[in-house]
Structures are given as structure tokens and as C-alpha cells.
Amino acid sequence: MVERVGPPVEPVPTPAVDRPPRDYSGLVALARATLEANWAQEHTVPSRTLYPHQWSWDSAFIAIGWAHLRPERTWSELTSLFEAQWRDGRVPHIVFNPVVSDEAYFPGPRFWGSTLIEGAPARATSGLVQPPVHALAAWHAYRRAPSERGRAALGRLYPRLVAQQHYLSSRRDLGGAGLASIVHPWESGLDNSPAWDEPLAVVPTEEAVPGAYRRRDIVHAAAAHRPTDLDYARYVALVTAYRAGGYRDEDLADRHPFLVECPLFNAAMGAAESALAQIAREIGADPGPHHRRAARITTALVDRLYDPRTGTFHPRDLRTGRLTPARTVLGLTPVILPDLPAEQVEAILAEAGSSRFGLAARMARPLPSHDRTAADFEPLRYWRGPSWMNITWLIRCGLLTHGHPRLADGLATSMIEAVATAGCHEYFHPETGAGLGSPAFSWTAALLLDLLAET
Ligand code: 9WN
């Protein structure tokens, strides 16, 4: 029987473990310098070169890091993002900085055309969303640096966070079973995960002929470490289809070629309700409805996305009605749900501890983003193998919530060691720990600070 500890989404203190103390002061200085260099007046860019605008779930993770350095920036980061919230409640996955040229990132503001859409903000944005980790992050950051100013900021964010949840749980419940669907792999945050191979394979690419646009990402990062041109053709085709309908969600089930219920996206949505319950209590609002919604989302997630035959969670492709077969790290992320039943927690622990992912109290290698034993495991290519700080951080939170501090510590230490050796890279080779992608990546720095605060 799994021991439940602490209130929901509340990390419990990590007890001392038998490993020699290390001096991480140099690492803290590196993380601080990385965040300072990426600060852009009211938000933080994920990377100056690859991602020179504001990204939605990046800002949530980055806000946690600022709580350790300059708490006022936590609230600036989140507030600036939510100022770009659409009237329907969606929080766009990119908020474009008007002083950065259209060509600096593809697809840029002209491609998305958001300012032509009724209900979109004056500031140009994308039309997609990303996993709703913001309530969880806001609560976590507030707990790291509680203050009157922080409580007031939480109070102002609260209705916007509620509207974000409302958008996802109503307009995006395309399967009608209480879960949100994503309409593009970019919405998962794990863009080229093998989880999307099957649903993406049927997306027609003729609307996005390769060569009709210029990818900017491969100017700044190795093409072999990024999604392929065929992936991009499909990404572009999907945006084109969604944009053609004015980014409306009505009737998507009849007309959109990619509709998937993602375990991480929905686990984030459930954990957000648990965090909103904590926030509501803190600011004098009613936590009850949030607790009830959290419970409903967890039940739906287990019913719809857990496969007892594989013992892990899989995305559900609404076009076929089937679970997609790949065993990716997405399958482990429902552990962030405080009310996940013991049976599924145990299953996740078994999957995570298998040779596929190698979770242990002492780990020689960081957690990969895809099953190490799979034929399509690619240790260099983005979300098809490499290790990422944000996923590590989320799963560590879940392990603490469910009473597994030694595993949580092993997981955190494996990632801290990679950053200590390679620097604040975007992602890491899951076998060697070598740094990949952007060498000065904000959420790596931000969440490193959070991990070090407990190490
Ligand atoms: C597309 C900013 C974002 C992250 C995503 C990551 C990557 C963008 C890209 O960078 O996606 O949104 O251009 O590849 O996959 O998780 O939010 O860091």
C-alpha cells in the first residue's frame, strides 16, 4: 500500500540521504546568470537564439526559479503571460515580442495571424496552448517565497487560471469524457515524441510543402537534434488547418486531422485543480469545486488513458479511438496527480523503475524522454530520448507527493549532475549526460535552482 503524505501538490521536505555534500555555489551562479541574461523586461525568453519570445509552459517553470532570486519577477512572468489570454480563456503557447523581427522564429506572428481573430489580444500570439502547469507553478513559487505582494498577485491571477481551466475542460473536451484534447503536437510540449508518430502519420502534408518556408531552429541547433523536415511539414499543415477555422474549437471532431488526449496535458489539468484549491484557500475563495474537478479529471484519466495490459498511461487518438502504442515518459507523468489511486502509482513506479526508464534512488543516468529499450529510441533527437529538466522536476514532485523521497532524490541528483557537468542546456544525452540544444536554457536554470534549494 502506498503511503500518502502531505496535502495535495505540496512537496514534502527531502530527508537527508547518504551521499557526500557537494558545493553547488558555482552552479547557482550559473543558473542565476542564465536567467538574468534571458530576462526581457517583463518575461524571460526560453533561449535568446532558438526561442526569442515568451512561451507558455516555459514561463510557468521559469516563474519558480525567479522565486529563489527575485520573487517580483515570478509575478511579472506569469502576469505578462496571462495578459495575452484570449477572451475564450485560452493561454497562447507563444506571446510574441513586438520588438523582435518576424523572421527571428518560425512560425512567427505573421504566420499565426492572431490579431485578425476576434477575441484574441492586441499583442500577437500563437493560437495553440501548452500543458496547463501554471496554477501548480504559481502555488509552488508562492510557497517558496510567500509575501503579501505574492498573495495579491495570486489573487489577481486566480480568475485567469480558472478561465484557462474552463477553456480546456469545456471547448477542448472533444472526446466528451472529461479530458482535454490537444490539436497539435506543439500543445503537448513534447513536440516530436514517438507518442505522436501514429496520429501524425495520417496528417496530410500537401498544404505545407517543405521548402515553402524557412526553418529557423536548425540555424541555431543541430538538425539531427531537432524534429525532422517531415515533422515540420505536418506541424505547419496542422496550424494551417486550425487557423483556417479561425482557431475555433467547435466541430473540430469533424474537421481536424489531429485530436489526441495526452496523459501529461490532462495530468497537468488535474494537478492544476488541486493547486487552485490551495490558492483558493489562501486568498479566501472556495476550494471545494476545485477538489471535485480534480477528482473527476483523475478518474477520467485512469478510465481513458491507463492501459492495464502495459501498466502505463498512453495518449488516446480520438480519430481511431485507440491508445497509441509507444511507451514514452508521458506515461509516467500522471504521478503528479495527488489523488491518483495506489494501483496506478504502483504501476508507474514499476514502469519508471524498469530498464526502460531506470528510476532508482541512485541513478547513473538521467531519466530519458522515451523508452531506452525501444527500437525508435534516439538519444540525440529532442523528445525522442534526451533527458529534460522540466519532466524530471514534475515527476520528482509526484514522487514526493506519493511518499517516495529516496526515488525523488535519485531522480533530482541524476539531473543536477548532468547540469553540473554540461551547463544549463535545453536537454541532455540520456546515456552520457552531454548537453544538447540551447546552451543557456531558462527552465533548466530555473528548476535547477528549485532542486538545489532542497539538496
Ligand atoms: C514549439 C520553448 C519551447 C518549449 C517546447 C519545446 C520547444 C517549440 C519549438 O520549445 O517547442 O513550441 O520551436 O520547437 O518542445 O516544450 O515550450 O522552449
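Trainee: Let's start with Thr-444: is this residue buried or exposed?

Mentor: Thr-444 is buried, because its relative accessibility is 0% and the cut-off for buried is under 20%. Keep in mind that this is a predicted model.

Trainee: Where does Thr-444 sit, and which residues does it touch?

Mentor: Thr-444 belongs to helix α16. Leaving aside residues up to four places away in sequence, Thr-444 touches Met-389, Val-419, Cys-424, His-425, Glu-426 and Phe-428.

Trainee: What does the side chain of Thr-444 reach?

Mentor: The side chain of Thr-444 reaches the backbone oxygen of His-425, at 2.6 Å.

Trainee: Now for a whole helix. Which residues of α1 are buried?

Mentor: The general idea comes first: an α-helix has 3.6 residues a turn, so residues three or four places apart point the same way. In α1, the buried residues are Leu-27, Ala-31, Thr-34, Leu-35 and Asn-38. They lie on the same side of α1, because they cover an arc of only 90° around the axis.

Trainee: What covers the buried residues of α1?

Mentor: The cover includes β1 (39–40), β2 (43–44), α2 (56–69), α15 (405–422) and α16 (442–452).

Trainee: How many residues does α1 have, and what span does it reach?

Mentor: Helix α1 runs over residues 25–38 and has 14 residues. From its first C-alpha to its last it reaches 20 Å, close to the 20 Å expected at 1.5 Å a residue.

Trainee: Which residues are closest to the ligand?

Mentor: The ligand is surrounded by 17 residues, and the closest are Asp-58, Tyr-105, Gly-189, Asp-191 and Tyr-382.

Trainee: Which side chains have an N or O atom 3.1 Å, 3.0 Å or 2.8 Å from a ligand oxygen?

Mentor: For Trp-55 the distance is 3.1 Å, for His-93 it is 3.0 Å, and for Tyr-382 it is 2.8 Å. Taken alone, the ligand exposes 410 Å², and the protein buries 100% of that.

How values were computed
Residues numbered from 1 in each chain as written. Predicted model: local features only at pLDDT ≥ 70, side-chain atom pairs only at ≥ 80, totals over all residues. Heavy atoms only, no water. Helix = DSSP H or I, 4+ residues; strand = E, 2+ residues; numbered from the N terminus. Expected span 1.5 Å × (residues − 1). Buried < 20%, exposed > 50% of the residue type's maximum accessible area, 1.4 Å probe, protein only. Arc of directions from axis to C-beta. Contact = heavy atoms within 4.5 Å. Polar contact = N/O pair within 3.5 Å; in protein donor to acceptor, adjacent residues only side chain to side chain. Near = heavy atom within 4 Å. Areas by Shrake-Rupley, 256 points an atom, 1.4 Å probe, with all protein chains shown as cover.
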